[in-house]
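Morning, everyone. I have one structure to walk through today. Please look at the screen.

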Amino acid sequence: APQDQTGGTVPRSRRVAMFLNAAADKLKREQDKRKADLAKRQAAERRAKVTADAHRREREDLARRERQEEAQRRAEERAELERVLTNNEGVRWERTFVGRRSDAAMVKGIRARCDDKVVLPPSAWRELTNAGAANVGSANGVFFEITVVNAAGGTRRTHAGALGFDGPEGEVGLPAPLMRRLGASSAHAAAPTDPRSRAEGAEESPAESPAEDPPPTDVALDVKLSFRRLPKGTWVKLQPRSADFQGELAADASVDLRELLEATLHRRCALTVGDDVSVPHGDREFSLRVVEVCPDDANGAVSLVETDVEVDIAPSEDYEDAMRRLAEAEERRLAAAAAVEQERREREGFAREEEERRAAAEAGRGAL
């Protein structure tokens, strides 16, 4: 039997009490552990619920924003389509082609409006005629908005006219300047393409380098052409890429900027805000960006066909200094012209005075 500290036997009642107390302590410890475990589990469940609720709200907010953005995008697309249809007098035509370099204008000996005219297949003309585009565009030429499909780094767009409708089906012939404007280079591999896959309509910036060589003939671009009615341009603003345009040309008194710009624009049939215009002079070409056009009711594009366009040059870096040099050169030219005119008048005056003196002397001798 258990003994106490004095060596005596522990009474049965006390042993029972000790056992019960030990059992009660054990039970309490187990209950406390279960309560602690339950509290931890409930806290973890609460945290998980809070996290899940937060994620759910984030998903709902994201889905709501996406729905709002999608609705806004669709509204903008509807507004844009309505604007385009209004401008196109109800005509809508779009097709996706494989764009390849074409020298058709050069072969045909065409020099005017040749830098941005494309060659389309006969089926395109039939579709345009059926859509009524020929009637809408006949007075001012047929024009297209050209965008690069799936262009790396963003979509490039410009506008062009039609050179002819005798090209291969599924392809569009693009002159070299137009291909450069759309970002073509030897990096664009000409992937094999089934023309039949391009026959159906499809829904869907670094500066050009005018001095670089024309794109190789095997370069191909996926492009989308959309019919556009363009207004006749009356005014455009060009911004030189470099101050050298004003500075270098201003130093040459023989340069006629108006004639240079007219000759350059005479090679284009359309201008689009964002286009680069290359102005050749001597052995150099100067790049100017189109920053504004008027009228601006065709999404920043105008026709240059059968119209007189006023050109303004926007400021570039060191523009004021270049303009000062231009003004000084003009002042020198005017001063030189005035000096020549003054010298001519003085010579004529001296000649008249000498003639009058001679006449008076002869008259005096006759009187004697």
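How many helices and strands does the chain have? It has 8 helices and 12 strands. Keep in mind that this is a predicted model.

Some overall numbers. The chain has 368 residues, and 33% of them are buried. Its accessible surface comes to about 22900 Å². Carbon and sulfur atoms account for 51% of that surface.

Next, the cysteines. How many disulfides does the structure hold? The count is 0.

Now to a loop. Between α1 (12-87) and β1 (94-101) you will find N88. N88 counts as buried, because its relative accessibility is 0%. What does its side chain meet? A polar atom of the N88 side chain lies 2.9 Å from the backbone oxygen of F227.

On to a helix, α3, residues 122-131. Which of its residues are buried? They are S123, A124 and L128. Seen down the axis of α3, these buried residues fall within an arc of 135°, so they line one face of the helix. An α-helix has 3.6 residues a turn, so residues three or four places apart point the same way. What about the other side of α3? There, R126 and N130 are exposed. Just after α3 comes G132, with a positive phi of about 90°.

Last stop, a sheet. This one is open, with 4 strands in the order β9-β10-β7-β12. The pairing is mixed. Which strands are at the edges? They are β9 (276-281) and β12 (310-313), and each pairs on one side only. From one strand to the next, the twist averages 35°.

Let's zoom in on one pair. Strand β9 is joined to β10 (residues 284-294) by 6 bridges, and the two run antiparallel. Which residue of β10 stands opposite S278? It is S287.

That's my tour. Over to you for comments.

Notes: Residues are numbered from 1 along each chain as its sequence is written. This is a predicted model: local features need pLDDT of at least 70, side-chain atom pairs count only at pLDDT 80 or more; totals for chains, interfaces and linings use all residues. Side-chain values use heavy atoms; hydrogens and water are left out. A disulfide is a pair of cysteine sulfur atoms within 2.5 Å. Buried means under 20% relative accessible area, exposed over 50%, partly exposed in between (1.4 Å probe, protein chains only). A polar contact is a pair of N or O atoms within 3.5 Å; within protein, one must be able to donate a hydrogen and the other to accept it, and residues adjacent in sequence count only if both atoms are side-chain atoms. The arc is that of the directions from the helix axis to the C-beta atoms. Accessible areas come from the Shrake-Rupley method with a 1.4 Å probe; for residues, only the protein chains shown count as cover. Two strands pair if DSSP finds at least two bridges between them. Axes are lines fitted to C-alpha atoms, for helices over the stretch in contact, and angles run from 0 to 180 degrees between N-to-C directions.
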